[in-house]
Amino acid sequence: MWRYSEGLPVDERFAVSFEEGFTPLLPVDIDGREVLVKQEQLFTTGSYKDRGASVLISKARELGIEEVVEDSSGNAGAAIAAYCAKAGIVCRVFVPEETSPGKLAQIAFYGAKLVKVPGGREAVASAALKAAEDVYYASHSWNPFFFHGTKTIAFEIAEQLGWRAPDTVILPVGNGTLLLGAYIGFTELMKAGMIGAVPKLVGVQAAACAPLAEGFSAGGGEAARIFPEKTMAEGIAIAKPVRGGQILAAVRKTGGGFITVTDGETEAALILAGRRGYYIEPTSGAALAGVMEYLRTARPDEGIVTVFSGHGLKATEKMAAVLEEPG
Ligand SMILES: Cc1ncc(COP(=O)(O)O)c(C=O)c1O
């Protein structure tokens, strides 16, 4: 992705990179229709979050920063920890006390210091903010440099289509690092005269935790206040997205919308992906379930792009549990 360094707000000499990006854009048969799927599960840490981590940690290196804090028990935490390991930057990751050890193993292997915080996700975020009073806050959801990394997905999609934008891009959305990144990237390409229009952006949320979908259908400018329930799509189980207003505005501006999916639909999508040769994690399965729903009313000639955002090997226990479901 550093082929686009002219468009990245970092001095390339400080790039922290595993030569990530330019993931394949492959046609996948979904219910008899061909959809192009960006293979974002193929990054070094197993998810597209490496795009954001590469730019953010490169910027930290450029600024001479020696230590960062982040709060994430999932893919973003793993990506920040890996890029810090590569850059020789000390990394502290705040996580909920009850996070399962399996999820923390990858972060710990990269040498990040894990700080377990009791009291749920909100308490973790406040502890990280407090620590960030003296240490650089490498937050995937707040730090703008992360979004300048994730925007490269739009550059790649356009380049892989021969410098054209697709009609519609369907993405999983929780805190919006992928969706807002895509919006920024396509907008930059349009302003540079390289594509005609920003594609319609469609966000997929789990029905059990859908503050953006609910806020959007209520017609408001902010995410709805919700009482979330459990979902297997943990990457998008964000009850209070910090950039909720920005996400809704971006989706509206592109003429897009939201789709919600149940865990049952996500499981069916995971199985479909597997039968096509793709092993993706439940959060990515939710996005695929959203695509299946979208296809019911899509125009026959609509050019649709989606992503497989994380690798199935990230969530072995959850994947194994799907096989035990009756039917
Ligand atoms: C695999 C995967 N897909 C999609 C997302 C959604 O990203 P965001 O919360 O930034 O919208 C995440 C977030 O953690 C994720 O881990």
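Predicted model: local features only at pLDDT ≥ 70, side-chain atom pairs only at ≥ 80, totals over all residues.

Residues are numbered from 1 along each chain as its sequence is written, and side-chain values use heavy atoms, without hydrogens and water.

The ligand is surrounded by 15 residues, counted when a heavy atom lies within 4 Å of it. The closest are Asn75, Asn175, Gly176, Thr177 and Ser309.

For polar contacts, pairs of N or O atoms within 3.5 Å, a ligand oxygen sits 2.7 Å from a side-chain N or O atom of Tyr48. The side chain of Asn75 has an N or O atom 2.7 Å from a ligand oxygen. Gly174 uses a backbone N or O atom, at 2.7 Å from an oxygen of the ligand. Alone, the ligand exposes 390 Å², of which the protein buries 95% (Shrake-Rupley, 1.4 Å probe).

Now the helices, which are DSSP runs of H or I, at least four residues. H10 (residues 263-275) packs on H11 (residues 282-295) at about 95°, axes 7 Å apart. That makes the two roughly perpendicular, the class for 65 to 115 degrees. Contact, meaning heavy atoms within 4.5 Å, involves residues including Leu270 of H10 and Met292 of H11.

Technical notes
Polar contact = N/O pair within 3.5 Å; in protein donor to acceptor, adjacent residues only side chain to side chain. Axes fitted to C-alpha atoms, helices over the stretch in contact; angles between N-to-C directions. Parallel < 35°, antiparallel > 145°, perpendicular 65-115°, else oblique.
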